[in-house]
Structure formats: structure tokens, C-alpha cells
Amino acid sequence: MTAAAEGSRPFVAPRARSSRLLQSEAFQGFALISPPFLYALVLLAVPILIVIAHSFWTQNYLTIDRTFTLEQYRIALTEPIYRDLLFRSLYISLVVSITTVVLAYPIAYYISFHGGQHKSLWLFLITIPFWTSYLLRVMSWKVILGYGGVLNSGLMELGIINEPLTSLLYNSNAVIITLTHAWAAFAILPIYVSLEKVDRSLIEAATDLGDGPFRRFLRVTLPLTLPGVISAILIVMIPTVGDFVTPKLVGGKDGVMIANAIQAQFGKAANWPLGAALSVTTLIIVSAMAGITVLIIRTAARFAR
Amino acid sequence: MRTLRRLLANWLPAYAFLYIAFLYLPVLLLPIFSINTAASPRFPLSGYTLKWYADLPKTPALIDATENSLIVGVAAAILATILGICAARAVTRYRFPGQRAVSGLIMAPLVLPEVIVAIALLIVLLQLGLSLSLFTVVLGHVLICVPYSVSVLISGFEGFDRSLEEASADLGETALGTFRRVTLPMVMPAIISSLLVSFTISLDEFIMAFFLTGTEATLPIYIWGQLRFAAKLPGVLALGTLLLFGSFILLTFAEILRRRAERRTRMTGAALA
């Protein structure tokens, strides 16, 4: 009997252990998050790995040659057309992210410090324009900046200019203006959140210790809201590089971006490996640029103090 | 110092109003030019008409695109919200190793260039032998919507008092019963808000749909096709105006519900504290 009891023990123990495991917080949490995790794994992480794999292959007409080669990267990095597009895209997304954040900071500050009881109404007011059809918002800028457009006819009406400006539309500036508008909410919200977290008594302390509004802002508020500024820059800079709608509608010849080339490789040109190499290159370089920007901001903030 | 402060105090509200004007300018042009008699959008308006609106229901391609968009939007909203509930609940209720990495991956579509996410998905779906259809668009939209759904739901789940669930369990409810009778009623407003936000995103999403759809067009794909023809612009503007008002109503509703959810979780938390 004792032998039977002893014999049964090894069967009981694992079950007890497994039920303890099943009830453990870590296991339950992981089980709960696994459906969205698996979804993102299968439809995001794995596809991106496959894109990376494609970037090392070549394509002969319709078949893909799976021998390892760096040929696509050579094309992506040395062909003048792709190099120019990449540089222009990086320039545009850098300018757009910095402009957007600089323009967004005061409004986020205003809402957080002077919004009073209407803070959430202000935030709602700011997000509304972003729920208009994206295509039509871009189209609207085309109407505003066009030759016979709203801005030109307005300026002529006021007598500021005599004939319509042609420099407004179909260049990289038009792309920058449109994207700065398109991403405004994505910059305002993270900055607002970080401003809300600033302990107001610290600002009072700085005032009591004799700091003026400008020094107080530079030494207390700005450093404390740096995480918000940085996440705003990242959330604008990286996705902006991948926009091909805005360049196509308002960019003209001089506003074409790398995403247009990527799109072409998966459309008419149908060269997946080259498109993949362009995607990977863009992603790596824009991430590096984002990293450097963050580093510069952090260093500048340390010196400003 | 006092003059500087006064300057600052006056400068900010003025800036705020200018900024709002900048945000709303392109949006307000849509309804204005949608009732203009001339096809080309310029001031002064040549006259007022509602004919562009009257023409909308007479366009079969538009009716099809609307149907497709509704199907995709409803499917994407439901799936994204189900996945979002799992993620938001796991993040707010449990602590487990690798949590940051896992939620980072789930939120990643928010900070990735959409074109790259779309082509990656396209390659995989084609290699799996799936033909492009509205179903593949739904798959892509769910990926894009989940991060938004999670953010909305987390704000609804946070501050949710765990002792309420413990009390329910102590009183003999099963885990499922507790979820259905205690958790769900508390978080229902946040869930509906997530559904509405996801639906609105899907309705307006272009890049994913552009790569992942087969022959069936969604509304943004239809609009993209129309933008090539200058004469079709007023019709598109009329459609855009209707979509704007539709989205505005849905999102106002979503915002009211989200706030109610926030207040509800906070109030019960305070009552028990």
C-alpha cells in the first residue's frame, strides 16, 4: 500500500505543479495576451523577416532566385535615383517631425496649463480634423496651394502679390506643409501627456527661487517634458518616411519620396527583392536618424540646464 | 518680468486659435466647395447647389465601395477590439516576464511606416496562396487598429478596482461569471468606444487597402480613383463631407462613452477606498 502511495506521488506532483503554473499570474497574463501577440507575430514580425529575406534575393522575371546576394543593397544605396529619393525623404521627414513638434509644443502647453476645465474639449477639438478622410485632406491642401487656389487668390485679393505664385505647389515644401498638418495630433498628444505629469509645485519652487518664466520653462518644464517631445518626434518621423500619397498628390516631380519607389517595385515595376531592399534600407536609416535626433535633443537639454 | 509674463499670457491664446484655424482650414474647405456649382474649387463661389450630393446615390461604383467599406470596417472593428481587450486586460491586470517586448510588438504598427507593413503583409499573403480580397484588407486593418484599440481600452481598464472582482470570486462566482457580471458592465463603454474608433480608422484607411485589396474597392480606393479626374472633384468633396459628419458623430459618441467609462471606474474606486 505504501508502495502504491509512493508510486502515485510522482503523478500527483506534476499535476499540482502544472495547476500552480496555470493559476500563476505570469501564466494567466501571458495566456491572455497571446491572441493579439500571435496575431502581430504572424502578420507583422514574420512578414517583416520575410521582407528582409527577400532583400538578399534576386528576381528573374516572375521567379525569385534565392541565392544570397547584396546586389539589391548595392542598387538601393548607389543608384543616384534611389539615393536622391532616400536623402529627400529623410530631409522631409526630419523637417516635418521637428516643425510639427515645435508648432505642437505651445498648443499642448496652452491646453495643459491654461485649459482649465475644458482640457478634454480642447483635445477633442484637435483630434477632429484627423478623422477626415486622409486623401481628401491632402487634396484640400492641393486646392489651397494650387495656381488658382485659395491662398493665391486670397493674396491677390489683398494686393500682396500681382500674379499667382507657382512655387507653392508640386515641390517638397508642399509635401512638408501637408505632412505637418497631417501629423499634428500625433505630436500634440504625447507632449500634452508629459506636460500633465509635470508636478506644478516644482514650477512654483522655481518661481520662489527667483527664476523668471523663460528660465523656469527652460530649466524645469522643458527637461521634464523631454520624454513627450522625444516620443512625438519618433511617432512623426518614422511613419512620415513611408508616405507615398502626399508626394503623389502635392509633391510633383520634385517631391517624390522613397515610398513612391517602394510602391512601384510592388506594383508596376514588380521587383520584390529591390523593393524589399529599399524598405529595409529606409527603415534602418530612418531609425538611425531618429536615434541621433533623440541623442542630440538629450545632449542639448543637458547643456541648456 | 511682468510685461514678459503678460506678453506670454496673451501670446499663447492667440497662437492656440491660429493653430486651430490651421488645423481646420483644409477640413472646412470640403463642405464649402461641395456646394459650389463650378467643378473647379476656387473663390469666389459661383453659386450654391446640392446636385453633387444628389448624384452620389446614382453612382453604382460608389454604392459598392460603401458596402465594401462597411463590411471591412465592421469586421476589422470587432476583431481588433477582441484582440485589444485581451492585450489591454493583460497589461493592466497582470505582470509577466517579457511584457514590454510583447506589448511593444503589438503597438509597433503605430510607429512603423505603413507602406512597409503593407508590402510585408502582401508578400506573405501571396506566398501563402491567398488571393487578395476584402478578407485580406480586414487582416491588414486589424493590425493597424489594434494599437488604437489597446490605447482606448487601457484608459478604460486602468483604475479598475481589482477588489470588486475578488469580492465576486469570494461570493462564489466562477471566473467567467465574474467577467460577465462584474468586469464587462464596467468596461462596456470603453469597448464600444474602441469599436467606434477602430471602425472609423478602417473606414479611412488607404495604404493597406491599396496593396491588399483585389478587385473590390473600399471608399478610400474609390476616392483615389476619382481624384485623377478634375471634373469628379465636387462629387468626391460631397462624399468627403458626408464621411466627415459621419465620423464626427461616431467619434463624439465614442468620446462620451470613454469619459463615462473613466468616470465609472474612478467612482467605484473612490467609493471602495
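Reply: Happy to. A residue is buried if 20 or more other C-beta atoms lie within 10 Å of its own, exposed if 12 or fewer, and partly exposed in between, with the C-beta atoms placed from the backbone. Let us begin with L85(A), which counts as buried because 22 C-beta neighbours fall inside 10 Å. Before going further, please keep in mind that this is a predicted model, in which local features need pLDDT of at least 70 and side-chain atom pairs count only at pLDDT 80 or more, while totals for chains, interfaces and linings use all residues. Residues are numbered from 1 along each chain as its sequence is written, and chains are lettered from A and ligands numbered from 1 in the order in which they are written.

L85(A) sits in helix α4 of chain A (helices are DSSP runs of H or I with at least four residues, strands runs of E with at least two, both numbered from the N terminus). Apart from neighbours within four places in sequence, L85(A) is in contact with V256(A), M257(A), I258(A) and A261(A) (contact: C-beta atoms, placed from the backbone, within 7 Å). With M257(A), the sequence separation is 172 residues, yet the two C-alpha atoms are 5.3 Å apart.

α4 (80-114) is also one of the helices that each supply at least two residues of the side of chain A that touches chain B. The others are α2 (25-54), α5 (119-127), α6 (134-145), α7 (150-157), α12 (226-240), α14 (258-266) and α15 (272-304) of chain A. In total the contact takes 69 residues from chain A and 69 residues from chain B. On the chain A side, α2(A) gives the most, with 22 residues. By class, that side has 50 nonpolar, 17 polar and two charged residues (nonpolar: Ala, Val, Leu, Ile, Met, Phe, Trp, Tyr, Cys and Pro; charged: Asp, Glu, Lys and Arg; polar: the others, Gly among them).

What does α2(A) meet across the contact? The axes of α2(A) and helix α3 (residues 60-93) of chain B come within 8 Å and cross at roughly 140 degrees (axes are lines fitted to C-alpha atoms, for helices over the stretch in contact, and angles run from 0 to 180 degrees between N-to-C directions). That angle makes α2(A) oblique to α3(B) (under 35 degrees is roughly parallel, over 145 roughly antiparallel, 65 to 115 roughly perpendicular, the rest oblique). From α2(A) come G29(A), L32(A), I33(A), P35(A), P36(A) and Y39(A), which meet L83(B), C86(B), A87(B), R89(B) and A90(B) of α3(B). These residues divide into nine nonpolar, one polar and one charged.

P220(B) lies in helix α10 (residues 219-226) of chain B and counts as buried, with 25 C-beta neighbours inside 10 Å. Leaving aside neighbours within four places in sequence, P220(B) contacts S133(A) and L135(A) as well as D204(B), E205(B), F206(B) and A209(B).

Within chain A, α12(A) and α15(A) also pack together. Their axes come within 10 Å and cross at roughly 160 degrees, and the two helices are therefore roughly antiparallel. L226(A), V229(A), I230(A), I233(A), L234(A), M237(A) and I238(A) of α12(A) meet V286(A), S287(A), A290(A), T293(A), V294(A), I297(A) and A301(A) of α15(A). Here the classes are 12 nonpolar, two polar and no charged.

Y170(A) is placed in the loop between α7 and α8 (172-182) of chain A and has a positive phi of about 60 degrees although it is not a glycine. Y170(A) is buried, with 20 other C-beta atoms within 10 Å.

As for chain B as a whole, it has 11 helices and zero strands, and its C-alpha trace spans about 70 × 70 × 35 Å along its principal axes. Buried residues make up 43% of its 273 residues.

Finally, confidence. The model scores ipTM 0.84 and pTM 0.85. The mean pLDDT of chain A is 85, with 92% of its residues at 70 or more (pLDDT is the predictor's confidence in each residue, from 0 to 100). Chain B averages 86, and 92% of its residues score at least 70. In chain A, confidence is highest in α4(A), at a mean of 93, and lowest in helix α1 (residues 2-23), at 51. Over residues 1-13 of chain A, pLDDT stays under 50, and the model has zero contacts beyond four places in sequence for them.

Note on methods. Contact = placed C-beta atoms within 7 Å.
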